[in-house]
Amino acid sequence: IGSGSGGAYSGKFVVKGGSVLLANSGKCRDGYPQNGDGTQVYCVTNQFAYIVGKGVAVRFPSAPFAYGDKDIFTDDAKQVYLWLPKTAGTYTIAYENKDGTFKELTPESVPVPGTVNVFKDPQTTVTYAKPDGTSAATKAIPVDANRTELLGGNWYIVTNVVSMSQSLEVVGSANLILADGAKLTATGGSGHAGIEVADGNALTIWDQDGHTGKLDATGGSNGAGIGGGNGVTNGTVTINGGTVMAQGGAGGPGIGGGKLGAGGTVTANGGTVVAKAAGIGTWDVGSGWGGGEDVGEFIVVGGSVHLANSGKCRDGYPQKTEDTASLRLITVTVNTNAAEGVLSPVTVSDIEFLKDAYKLGDYNTKGVQLIGGKLYFYLEKNRAYAFKVNDGEIDYYVLVPASEDAYSAMATCLDTHPM
């Protein structure tokens with residue numbers, strides 16, 4: 001900003017508000033701009049670490065002097081450029097949520113002119129349970145009802161009962177922890193998934209050592225419960241723990257692509273999963289209605305996985321890895337008096353595959369819960385298994401014989417004997 005080449009006078013540049021980027025130099029022809037009272041001002045670049053999208057509205061709600069913040073928007077780099085005197089001190093910036101409200105953030109340190117001032121959502125140190133029975137610690141961002149995105153490279157945690165009427169969009173590769181006693185409910189609007197994980201993005205779901213965290217995701221019309229919206233292919237969804245209930249909207253699966261969308265990759269390593277499509281012609285896990293031949297991959301190496309409508313996914317049964325033959329469902333009835341849909345906790349010590357002639361291998365059962373008094377395991381067919389389950393009152397020994405007839409889409413409890 002200023003005079004052109006050879007110009008004798010650069011003029012006057014006054015900045016009293018707005019986001020102004022001087023792309024080449026950070027200053028004008030004759031030095032730095034001034035504010036309204038003649039004080040030199042300097043650019044402070046404000047970087048929003050966790051928001052996404054172009055043109056996110058920004059406000060400047062608190063500062064030691066007046067600054068115009070009307071119609072300020074971030075650029076493609078998620079930045080705004082404020083021109084402040086060196087004595088500006090600490091200030092707060094707010095960015096706009098999709099519901100029209102503003103979320104205020106305070107910088108971690110006093111901003112310095114000429115540097116990048118990073119605004120981050122607050123984080124807290126939490127623990128999460130791994131499928132192998134160990135736990136680890138990480139810093140995570142609490143999820144509240146106003147959150148609309150889970151951004152790649154970040155960990156998030158649900159610490160209480162949170163209900164949101166909008167989709168929760170995953171951008172990049174994000175991790176979500178379901179804390180003990182917490183529940184997240186996400187309901188997508190028409191054409192959207194409850195939790196949107198489009199192709200090229202990934203969501204990994206964890207719980208904590210008590211294994212009581214829950215997620216309930218419901219898709220809108222033509223959307224999956226978790227995965228793609230209308231016409232959108234699912235990305236990668238990995239469930240390591242928690243109780244995950246995924247209900248598709250009309251034309252959408254419980255987990256997978258939306259209507260006309262391919263299935264992506266879905267992996268269950270542990271926890272309790274209930275996936276349910278809404279209508280005829282759509283599978284519980286896989287591509288959406290009309291999604292074509294690209295049904296995706298469904299891998300099960302642990303957990304109780306209930307495919308509520310069919311007992312299988314779009315292209316048949318789940319697999320143990322991408323390269324192995326399909327598994328078969330064994331439904332174990334522990335308490336025949338429990339109503340369908342009633343969840344009962346089963347702690348880590350309550351279920352054990354016996355390590356004798358009927359060796360299980362590496363199938364993970366930590367943190368599973370009863371669903372209507374039942375457990376749903378996907379096991380290799382033509383192998384015998386024996387395991388013990390305790391429903392809190394009595395031990396049950398379950399024998400699964402090595403016969404093809406024992407494995408079917410909706411098998412009943414096999415040889416269950418009270419101790």
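**Contacts, cores and strands**

Analyst: Let's start with Ile195. Leaving out residues up to four places away in sequence, Ile195 touches Leu168, Val170, Ala186, Leu203, Leu215, Ala217, Gly225, Ile226 and Gly227. Keep in mind that this is a predicted model.

User: Which residues touch the most other members of the largest nonpolar core?

Analyst: Ile195, Ile226 and Ile255 do, in a core of 60 residues. The largest share of this core comes from strand β32 (residues 374-379), with 5 residues.

User: And what does the second core include?

Analyst: The second core is separate and has 23 residues, including Phe48, Phe60, Leu84 and Tyr95. In soluble globular proteins, nonpolar side chains tend to be buried together.

User: Which strands does β15 pair with?

Analyst: Strand β12 (residues 161-164) runs parallel to β15 and is joined to it by 4 bridges. Strand β18 (residues 214-218) is also parallel to β15, with 5 bridges.

User: What is the order of the strands in the whole sheet?

Analyst: The order is β12-β15-β18-β21-β24-β27, 6 strands in an open sheet with parallel pairing. β12 and β27 (304-307) are the edge strands, each pairing on one side only. From one strand to the next, the twist averages 5°.

User: How many bridges are there between β24 and β27?

Analyst: There are 4, and strand β24 (residues 272-276) pairs with β27 in the parallel sense. Opposite Val274 stands His306 in β27.

User: New topic: Gln79. Where is it, and is it buried or exposed?

Analyst: Gln79 lies in strand β4 (residues 79-84). Gln79 counts as buried because its relative accessibility is 14%, and the cut-off for buried is under 20%.

User: What does the side chain of Gln79 make a polar contact with?

Analyst: The side chain of Tyr81, at 2.8 Å. Not counting residues up to four places away in sequence, Gln79 also touches Thr45, Asn46, Gln47, Phe73, Thr74 and Val116.

Methods:
Residues are numbered from 1 along each chain as its sequence is written. This is a predicted model: local features need pLDDT of at least 70, side-chain atom pairs count only at pLDDT 80 or more; totals for chains, interfaces and linings use all residues. Side-chain values use heavy atoms; hydrogens and water are left out. Two strands pair if DSSP finds at least two bridges between them. Helices (H or I, at least four residues) and strands (E, at least two) are DSSP runs, numbered from the N terminus. Axes are lines fitted to C-alpha atoms, for helices over the stretch in contact, and angles run from 0 to 180 degrees between N-to-C directions. Buried means under 20% relative accessible area, exposed over 50%, partly exposed in between (1.4 Å probe, protein chains only). A polar contact is a pair of N or O atoms within 3.5 Å; within protein, one must be able to donate a hydrogen and the other to accept it, and residues adjacent in sequence count only if both atoms are side-chain atoms. Contact means heavy atoms within 4.5 Å. A nonpolar core is a set of buried Ala, Val, Leu, Ile, Met, Phe, Trp, Tyr and Cys residues joined through side-chain atoms within 4.5 Å.
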